[in-house]
Amino acid sequence: MTDPHVSEAGPGTGPNLVLLHGIGGSADTFASQFAEWGDRLRLLAWDAPGYARSADPEWPLSLDDYADLVAALIRERCGAAHVLGMSWGGVIATRLALRHPELLRSLILGAASVGSGATAAGAAAMRARATELDSAGATAFAAARAPKLLSPQADPSTVAAVAAAMAGAIRPAGYRSAAESMAATDHTADLPRIEVPTLVLCGDRDTVTGPPAAQVLAGGIPGAVFVTLRGAGHLANQERPEAFGAWVESFVHITERLRPRVTA
Ligand SMILES: O=C(O)CC1=CCC(=O)O1
(Lines give C-alpha, C1' and ligand atoms only; values in the text may rest on other atoms or scores of the structure.)
Protein backbone atom coordinates (compact mmCIF):
# COMPACT_ATOMS: atom_id res chain seq x y z
CA MET A 1 0.00 0.00 0.00
CA THR A 2 1.26 3.50 -0.81
CA ASP A 3 1.92 5.72 2.20
CA PRO A 4 -1.10 7.80 3.19
CA HIS A 5 -1.03 11.57 2.78
CA VAL A 6 0.05 13.40 5.95
CA SER A 7 -0.45 17.15 6.48
CA GLU A 8 2.29 18.55 8.72
CA ALA A 9 2.98 21.83 10.51
CA GLY A 10 4.86 23.18 13.46
CA PRO A 11 8.28 23.15 15.06
CA GLY A 12 10.41 20.04 14.62
CA THR A 13 11.11 20.07 18.34
CA GLY A 14 7.52 19.13 19.25
CA PRO A 15 5.53 18.36 21.31
CA ASN A 16 4.27 16.03 18.58
CA LEU A 17 0.51 15.70 18.14
CA VAL A 18 -0.97 13.19 15.68
CA LEU A 19 -4.54 13.99 14.55
CA LEU A 20 -6.86 11.20 13.35
CA HIS A 21 -10.07 12.29 11.63
CA GLY A 22 -13.52 10.68 11.82
CA ILE A 23 -15.28 8.49 9.29
CA GLY A 24 -16.56 11.48 7.29
CA GLY A 25 -13.42 13.59 7.51
CA SER A 26 -9.86 14.15 6.37
CA ALA A 27 -6.79 16.00 7.64
CA ASP A 28 -8.56 19.20 6.57
CA THR A 29 -11.23 18.78 9.25
CA PHE A 30 -8.48 19.88 11.67
CA ALA A 31 -8.05 23.24 9.90
CA SER A 32 -8.93 25.19 13.08
CA GLN A 33 -6.37 23.19 15.07
CA PHE A 34 -3.66 23.81 12.42
CA ALA A 35 -4.47 27.53 12.55
CA GLU A 36 -4.36 27.60 16.35
CA TRP A 37 -1.42 25.33 17.15
CA GLY A 38 0.62 25.32 13.95
CA ASP A 39 3.37 27.52 15.39
CA ARG A 40 3.79 25.73 18.73
CA LEU A 41 2.91 22.05 18.38
CA ARG A 42 4.26 19.70 15.72
CA LEU A 43 1.08 18.50 14.03
CA LEU A 44 0.72 15.43 11.82
CA ALA A 45 -2.75 14.70 10.41
CA TRP A 46 -3.34 11.89 7.96
CA ASP A 47 -5.93 11.32 5.30
CA ALA A 48 -6.78 7.71 6.19
CA PRO A 49 -6.45 5.15 3.35
CA GLY A 50 -9.24 5.75 0.85
CA TYR A 51 -9.88 9.34 2.02
CA ALA A 52 -9.13 12.68 0.28
CA ARG A 53 -5.48 12.60 -0.96
CA SER A 54 -4.70 9.02 0.15
CA ALA A 55 -5.01 6.08 -2.24
CA ASP A 56 -7.80 3.55 -1.81
CA PRO A 57 -6.91 0.47 0.22
CA GLU A 58 -6.44 -2.61 -1.98
CA TRP A 59 -8.55 -4.62 0.47
CA PRO A 60 -10.64 -3.67 3.52
CA LEU A 61 -8.45 -2.85 6.52
CA SER A 62 -9.09 -4.06 10.06
CA LEU A 63 -8.84 -1.77 13.06
CA ASP A 64 -5.49 -3.42 13.86
CA ASP A 65 -4.32 -2.47 10.35
CA TYR A 66 -5.28 1.18 10.85
CA ALA A 67 -3.61 1.28 14.27
CA ASP A 68 -0.44 -0.32 12.88
CA LEU A 69 -0.32 2.20 10.01
CA VAL A 70 -0.51 5.06 12.52
CA ALA A 71 2.17 3.35 14.61
CA ALA A 72 4.44 3.20 11.54
CA LEU A 73 3.78 6.88 10.83
CA ILE A 74 4.73 7.84 14.39
CA ARG A 75 7.89 5.70 14.34
CA GLU A 76 9.00 7.15 10.99
CA ARG A 77 8.18 10.80 11.59
CA CYS A 78 8.60 11.52 15.29
CA GLY A 79 9.33 8.51 17.52
CA ALA A 80 6.49 9.16 19.97
CA ALA A 81 3.47 11.47 20.04
CA HIS A 82 0.31 12.64 21.72
CA VAL A 83 -2.54 11.16 19.69
CA LEU A 84 -5.91 12.87 19.23
CA GLY A 85 -8.65 10.92 17.50
CA MET A 86 -12.10 12.21 16.62
CA SER A 87 -14.91 9.65 16.54
CA TRP A 88 -13.67 6.75 14.33
CA GLY A 89 -10.19 8.29 14.71
CA GLY A 90 -10.65 7.94 18.48
CA VAL A 91 -11.46 4.27 18.06
CA ILE A 92 -8.24 3.84 16.04
CA ALA A 93 -6.33 5.81 18.70
CA THR A 94 -7.73 3.54 21.42
CA ARG A 95 -6.51 0.45 19.53
CA LEU A 96 -3.13 2.14 19.05
CA ALA A 97 -2.88 2.73 22.81
CA LEU A 98 -3.66 -0.97 23.39
CA ARG A 99 -1.21 -2.30 20.76
CA HIS A 100 1.62 0.25 20.87
CA PRO A 101 1.46 2.11 24.21
CA GLU A 102 5.18 2.95 24.05
CA LEU A 103 4.49 5.31 21.12
CA LEU A 104 1.93 7.45 22.95
CA ARG A 105 2.64 10.37 25.27
CA SER A 106 -1.09 10.78 25.78
CA LEU A 107 -4.40 9.64 24.31
CA ILE A 108 -7.05 12.25 23.51
CA LEU A 109 -10.47 10.94 22.50
CA GLY A 110 -12.97 13.40 20.97
CA ALA A 111 -16.57 12.31 20.31
CA ALA A 112 -15.34 8.73 20.41
CA SER A 113 -16.84 5.44 21.50
CA VAL A 114 -15.82 1.87 22.23
CA GLY A 115 -16.76 1.01 18.65
CA SER A 116 -20.04 0.27 16.89
CA GLY A 117 -19.71 -3.45 17.61
CA ALA A 118 -20.85 -2.87 21.20
CA THR A 119 -24.41 -3.54 20.04
CA ALA A 120 -25.77 -5.53 17.10
CA ALA A 121 -27.92 -2.54 16.10
CA GLY A 122 -24.92 -0.19 16.16
CA ALA A 123 -22.88 -2.55 14.00
CA ALA A 124 -25.72 -2.99 11.49
CA ALA A 125 -26.31 0.78 11.29
CA MET A 126 -22.61 1.41 10.68
CA ARG A 127 -22.45 -1.21 7.90
CA ALA A 128 -25.61 0.26 6.32
CA ARG A 129 -23.85 3.64 6.02
CA ALA A 130 -21.42 2.30 3.41
CA THR A 131 -24.31 0.94 1.34
CA GLU A 132 -26.06 4.32 1.64
CA LEU A 133 -22.94 6.09 0.34
CA ASP A 134 -22.78 3.67 -2.60
CA SER A 135 -26.34 4.40 -3.63
CA ALA A 136 -26.64 8.14 -2.81
CA GLY A 137 -23.19 9.29 -3.92
CA ALA A 138 -20.85 11.48 -1.84
CA THR A 139 -22.59 14.84 -2.31
CA ALA A 140 -26.12 13.74 -1.35
CA PHE A 141 -24.79 11.46 1.42
CA ALA A 142 -22.76 14.30 2.96
CA ALA A 143 -25.63 16.80 2.67
CA ALA A 144 -27.89 14.44 4.62
CA ARG A 145 -25.25 13.58 7.21
CA ALA A 146 -23.75 17.03 7.99
CA PRO A 147 -26.66 18.53 10.01
CA LYS A 148 -26.60 15.51 12.35
CA LEU A 149 -22.96 16.15 13.23
CA LEU A 150 -23.45 19.69 14.56
CA SER A 151 -25.59 21.19 17.31
CA PRO A 152 -29.04 22.52 16.41
CA GLN A 153 -27.60 26.05 16.91
CA ALA A 154 -24.96 25.65 14.17
CA ASP A 155 -25.36 28.26 11.46
CA PRO A 156 -26.21 27.09 7.93
CA SER A 157 -22.83 28.16 6.56
CA THR A 158 -21.06 25.83 9.02
CA VAL A 159 -23.37 22.97 8.07
CA ALA A 160 -22.72 23.65 4.37
CA ALA A 161 -18.95 23.77 4.96
CA VAL A 162 -19.03 20.43 6.82
CA ALA A 163 -21.07 18.87 4.00
CA ALA A 164 -18.70 20.17 1.32
CA ALA A 165 -15.62 18.97 3.21
CA MET A 166 -17.16 15.53 3.73
CA ALA A 167 -18.20 15.20 0.08
CA GLY A 168 -14.62 16.00 -0.95
CA ALA A 169 -13.09 13.57 1.53
CA ILE A 170 -15.08 10.35 1.27
CA ARG A 171 -14.95 7.56 -1.32
CA PRO A 172 -16.72 4.20 -1.22
CA ALA A 173 -13.61 2.02 -0.68
CA GLY A 174 -12.28 4.07 2.23
CA TYR A 175 -15.66 4.60 3.85
CA ARG A 176 -16.67 0.93 3.60
CA SER A 177 -13.39 -0.19 5.12
CA ALA A 178 -13.71 2.37 7.94
CA ALA A 179 -17.33 1.42 8.63
CA GLU A 180 -16.49 -2.29 8.76
CA SER A 181 -13.60 -1.64 11.16
CA MET A 182 -16.00 0.30 13.43
CA ALA A 183 -18.73 -2.34 13.18
CA ALA A 184 -16.30 -5.10 14.15
CA THR A 185 -15.02 -3.29 17.25
CA ASP A 186 -16.05 -3.21 20.90
CA HIS A 187 -13.27 -2.02 23.22
CA THR A 188 -15.38 -2.14 26.39
CA ALA A 189 -13.50 -5.02 28.01
CA ASP A 190 -10.09 -3.66 26.94
CA LEU A 191 -10.34 -0.18 28.45
CA PRO A 192 -8.91 -1.10 31.88
CA ARG A 193 -5.65 -2.17 30.12
CA ILE A 194 -4.97 1.36 28.81
CA GLU A 195 -2.01 2.81 30.67
CA VAL A 196 -1.57 6.05 28.71
CA PRO A 197 -2.76 9.35 30.28
CA THR A 198 -6.15 9.95 28.65
CA LEU A 199 -8.44 12.93 28.04
CA VAL A 200 -12.01 12.22 26.88
CA LEU A 201 -13.92 15.14 25.32
CA CYS A 202 -17.44 15.37 23.98
CA GLY A 203 -19.98 18.01 23.05
CA ASP A 204 -23.09 18.15 25.20
CA ARG A 205 -25.19 18.51 22.01
CA ASP A 206 -23.62 15.45 20.35
CA THR A 207 -26.43 13.07 19.40
CA VAL A 208 -24.23 10.66 17.38
CA THR A 209 -22.03 9.25 20.15
CA GLY A 210 -22.43 11.90 22.83
CA PRO A 211 -21.93 11.98 26.58
CA PRO A 212 -23.13 8.39 27.20
CA ALA A 213 -20.49 6.88 24.90
CA ALA A 214 -17.81 9.23 26.24
CA GLN A 215 -18.72 8.31 29.81
CA VAL A 216 -18.19 4.63 29.02
CA LEU A 217 -14.67 5.49 27.81
CA ALA A 218 -13.90 7.80 30.74
CA GLY A 219 -15.29 5.34 33.25
CA GLY A 220 -13.36 2.43 31.80
CA ILE A 221 -9.92 3.94 31.18
CA PRO A 222 -7.97 4.20 34.44
CA GLY A 223 -7.48 7.82 35.52
CA ALA A 224 -9.12 9.33 32.41
CA VAL A 225 -10.04 13.03 32.54
CA PHE A 226 -13.52 13.74 31.18
CA VAL A 227 -14.60 17.09 29.72
CA THR A 228 -17.99 18.06 28.28
CA LEU A 229 -17.99 21.00 25.85
CA ARG A 230 -21.13 23.10 26.08
CA GLY A 231 -22.89 23.92 22.83
CA ALA A 232 -20.90 21.49 20.68
CA GLY A 233 -22.26 18.65 18.60
CA HIS A 234 -20.33 15.61 17.36
CA LEU A 235 -17.73 17.65 15.47
CA ALA A 236 -16.69 19.51 18.62
CA ASN A 237 -13.27 20.46 17.25
CA GLN A 238 -14.97 22.24 14.35
CA GLU A 239 -17.90 23.74 16.23
CA ARG A 240 -16.18 24.89 19.44
CA PRO A 241 -12.52 25.09 18.37
CA GLU A 242 -11.45 27.55 21.09
CA ALA A 243 -12.77 25.51 24.02
CA PHE A 244 -11.69 22.25 22.41
CA GLY A 245 -8.23 23.64 21.69
CA ALA A 246 -7.73 25.02 25.19
CA TRP A 247 -8.41 21.66 26.83
CA VAL A 248 -6.30 19.65 24.39
CA GLU A 249 -3.30 21.96 24.46
CA SER A 250 -3.41 22.12 28.24
CA PHE A 251 -3.55 18.32 28.47
CA VAL A 252 -0.62 17.94 26.06
CA HIS A 253 1.54 20.24 28.18
CA ILE A 254 0.47 18.69 31.48
CA THR A 255 1.30 15.20 30.25
CA GLU A 256 4.62 16.42 28.78
CA ARG A 257 5.55 17.41 32.34
CA LEU A 258 4.88 13.86 33.56
CA ARG A 259 8.13 12.81 31.94
CA PRO A 260 10.82 11.91 32.49
CA ARG A 261 10.04 10.29 35.84
CA VAL A 262 13.39 10.91 37.52
CA THR A 263 13.84 9.54 41.00
CA ALA A 264 15.78 11.81 43.39
O1 LIG B 1 -20.70 10.40 10.26
C2 LIG B 1 -21.01 10.27 11.43
O3 LIG B 1 -22.06 9.80 11.80
C4 LIG B 1 -20.09 10.61 12.51
C5 LIG B 1 -19.20 9.56 12.84
C6 LIG B 1 -19.45 8.34 13.35
C7 LIG B 1 -18.21 7.64 13.50
C8 LIG B 1 -17.27 8.68 13.03
O9 LIG B 1 -16.08 8.63 12.93
O10 LIG B 1 -17.93 9.78 12.66
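**Notes on a predicted model: sheet, helices and cores**

1. Let's start in the middle of the sheet. In strand E5, 6 of the 7 residues are buried, so the strand is largely enclosed by the rest of the structure. Please keep in mind as you read on that this is a predicted model.

2. Now for the sheet to which E5 belongs. It is an open sheet of 7 strands in the order E1-E3-E2-E4-E5-E6-E7, with mixed pairing. At its edges are E1 (6-9) and E7, each of which pairs on one side only. From one strand to the next, the twist averages 15 degrees.

3. A pairing worth a look is that of E4 with E5. Strand E4 (residues 81-86) runs parallel to E5, and 6 bridges join the two.

4. Ser87, in the loop between E4 and H3, has a positive phi of about 55 degrees although it is not a glycine. Ala111, in the loop between E5 and H4, also has a positive phi, near 50 degrees, and is likewise a residue other than glycine. Are these two buried or exposed? Ser87 counts as buried at 13% relative accessibility, and Ala111 is buried with a relative accessible area of 3%.

5. The peptide bond that joins Gly14 and Pro15 is cis, with omega about 0 degrees. For context, most residues other than glycine have a negative phi, and most peptide bonds are trans.

6. Helix H2 (residues 63-77) lies across E1, E2 (16-20), E3 (42-46) and E4, and runs at about 145 degrees to E3. Helix H3 (residues 88-99) lies across E2, E3, E4 and E5, at about 150 degrees to E5.

7. How do H2 and H3 meet? Their axes come within 9 Å and cross at roughly 75 degrees, and H2 and H3 are therefore roughly perpendicular to each other. On the H2 side the contact is made by Leu63, Asp64, Tyr66, Ala67, Asp68, Val70, Ala71 and Ile74, and on the H3 side by Trp88, Val91, Ile92, Arg95, Leu96 and Arg99.

8. H4 and H7 give another helix pair. Helix H4 (residues 120-136) and helix H7 (residues 172-183) pack at an angle of about 175 degrees with their axes 8 Å apart, and they are therefore roughly antiparallel to each other. The residues that meet include Ala123, Met126, Ala130 and Leu133 in H4, and Tyr175, Ala179 and Met182 in H7.

9. Helix H8 (residues 210-220) has two faces to compare. Gly210, Pro211, Ala213, Ala214, Leu217 and Ala218 are buried. Why do these fall on the same side of H8? They do so because they cover an arc of only 165 degrees around the axis. Pro212 and Gly219 are exposed, on the face turned away from the buried side of H8. The buried residues of H8 pack against E5 (104-110), E6 (198-203) and E7 (225-229).

10. The largest nonpolar core has 63 residues, of which Trp46, Ile74 and Trp88 touch the most other members. Apart from it lies another core, of 24 residues, among them Leu17, Leu43, Leu199 and Leu229. Beyond its neighbours within four places in sequence, Trp88 is in contact with His21, Gly22, Ile23, Ala48, Tyr51, Leu63, Tyr66, Ala178, Ser181 and Met182. In soluble globular proteins, nonpolar side chains tend to be buried together.

11. A last stop is Arg77, which lies in helix H2. Arg77 is partly exposed, with a relative accessible area of 33%. Not counting residues up to four places away in sequence, Arg77 touches Val6, Glu8, Arg42 and Leu44. As for Phe226, its C-alpha atom is separated from that of Arg77 by 29 Å, the two residues being 149 apart along the chain.

Methods. Residues numbered from 1 in each chain as written. Predicted model: local features only at pLDDT ≥ 70, side-chain atom pairs only at ≥ 80, totals over all residues. Heavy atoms only, no water. Core = buried A, V, L, I, M, F, W, Y, C linked by side-chain atoms within 4.5 Å. Buried < 20%, exposed > 50% of the residue type's maximum accessible area, 1.4 Å probe, protein only. Contact = heavy atoms within 4.5 Å. Helix = DSSP H or I, 4+ residues; strand = E, 2+ residues; numbered from the N terminus. Arc of directions from axis to C-beta. Pairing = 2+ DSSP bridges. Axes fitted to C-alpha atoms, helices over the stretch in contact; angles between N-to-C directions. Parallel < 35°, antiparallel > 145°, perpendicular 65-115°, else oblique.
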